[in-house]
Amino acid sequence: MAPIVYQDLLSPPVQAVALTVRAAGLDSKVQFQNVSLAAGDHLKPEFVKKFPMHAVPALEDDGFYLWDSHAICAYIISAYAKDDKLYPKDPKKKALVDQFLHFSNSILYTRLRDMSEPMWKGLTKTVPEEKKEKVHEAFKSLDTMLEGKQWLTGDSLTIADICVVCEANAAQNLAGDFSKYKNISAWFKRCQTTIPAFEEIAIAGNNQYKAILAKLMA
């Protein structure tokens with residue numbers, strides 16, 4: 001039985017998993033099943049029983065369950081990819097990828113959530129400037145880390161780039177774009193032209209996300 005990824009493409013972490021599958025050429029080996037966050041599909045008892053965090057993306061693989069996007073990306077490459085280019089086995093190369101996965105999760109995603117969560121809860125229609133500034137602090141760090149490099153960990157695309165670019169792209173919606181950061185801008189263009197289905201998944205998914213944010217801010 002093929003692994004199943006539960007998804008709603010408006011979610012940046014979902015976009016990262018979908019792009020990882022495409023980049024690894026695993027379209028025929030991984031199934032995707034839509035879960036509507038707006039309809040509350042992720043809160044249904046049968047979903048929560050498997051995934052107590054009731055979040056997407058979530059992966060089911062023959063009785064094995066994962067709910068974190070970074071863990072899912074790493075697992076898919078380790079278990080199913082024909083090689084380890086996207087998630088190297090070499091300890092040092094792997095550590096560099098892991099470092100940026102933690103940056104994606106603990107810095108970018110956390111600051112994105114700090115901006116958006118009060119809106120989802122109907123508590124506000126605006127983002128405080130200090131929260132936007134925290135995102136731009138992360139952008140400045142990311143821009144510095146990309147200096148002189150094609151990709152986050154060096155000369156090759158990895159799941160680190162895929163995860164970080166989805167979070168950075170979404171963070172622009174509320175914090176303001178990163179066009180003034182030359183290294184991020186160049187790297188983002190490389191992601192657009194190199195990662196398969198980037199427009200179809202990351203850009204289209206982010207457009208859905210922006211449309212919802214616009215309604216919440218109206």
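Q: At what angle do the axes of helix 5 and helix 7 cross?
A: Two packed helices are described by the angle between their axes and the distance between the axes. Here, the axes of helix 5 (residues 129-145) and helix 7 come within 7 Å and cross at roughly 75°. Helix 5 is therefore roughly perpendicular to helix 7 (angles of 65 to 115 degrees; under 35 is roughly parallel, over 145 roughly antiparallel, the rest oblique). Axes are lines fitted to C-alpha atoms, for helices over the stretch in contact, with angles from 0 to 180 degrees between N-to-C directions. Helices (H or I, at least four residues) and strands (E, at least two) are DSSP runs numbered from the N terminus. The model is predicted: local features need pLDDT of at least 70 and side-chain atom pairs pLDDT 80 or more, while totals for chains, interfaces and linings use all residues. Residues are numbered from 1 along each chain as its sequence is written, and side-chain values use heavy atoms, without hydrogens and water.

Q: Which residues make the contact of helix 5 with helix 7?
A: Phe-139, Leu-142 and Asp-143 of helix 5 touch Lys-182, Asn-183, Ile-184 and Trp-187 of helix 7, contact meaning heavy atoms within 4.5 Å. These residues divide into 4 nonpolar, 1 polar and 2 charged (nonpolar: Ala, Val, Leu, Ile, Met, Phe, Trp, Tyr, Cys and Pro; charged: Asp, Glu, Lys and Arg; polar: the others, Gly among them).

Q: How far apart are the axes of helix 7 and helix 8?
A: The axes of helix 7 (residues 182-194) and helix 8 (residues 198-217) lie 8 Å apart, at an angle of about 130°. Helix 7 is therefore oblique to helix 8. Phe-188, Cys-191 and Gln-192 in helix 7 meet Phe-198, Glu-199 and Ile-203 in helix 8. By class, this contact has 4 nonpolar, 1 polar and 1 charged residues.

Q: What is the order of the strands in the open sheet?
A: Strands of a sheet pair through backbone hydrogen bonds, either parallel or antiparallel. The open sheet of 4 strands has the order 2-1-3-4 with mixed pairing, where two strands pair if DSSP finds at least two bridges between them. Strand 2 (31-34) and strand 4 (64-66) stand at the edges with a single partner strand each, so one side of each has no neighbour in the sheet. The twist averages 20° from one strand to the next.

Q: How many bridges join strand 1 to strand 2?
A: Strand 1 (residues 4-7) and strand 2 run parallel, joined by 4 bridges. Gln-31 is the bridge partner of Ile-4, and Gln-7 stands opposite Asn-34.

Q: Where does helix 3 lie?
A: Helix 3 (residues 69-80) lies across strand 1, strand 3 (58-61) and strand 4, at about 30° to strand 3.
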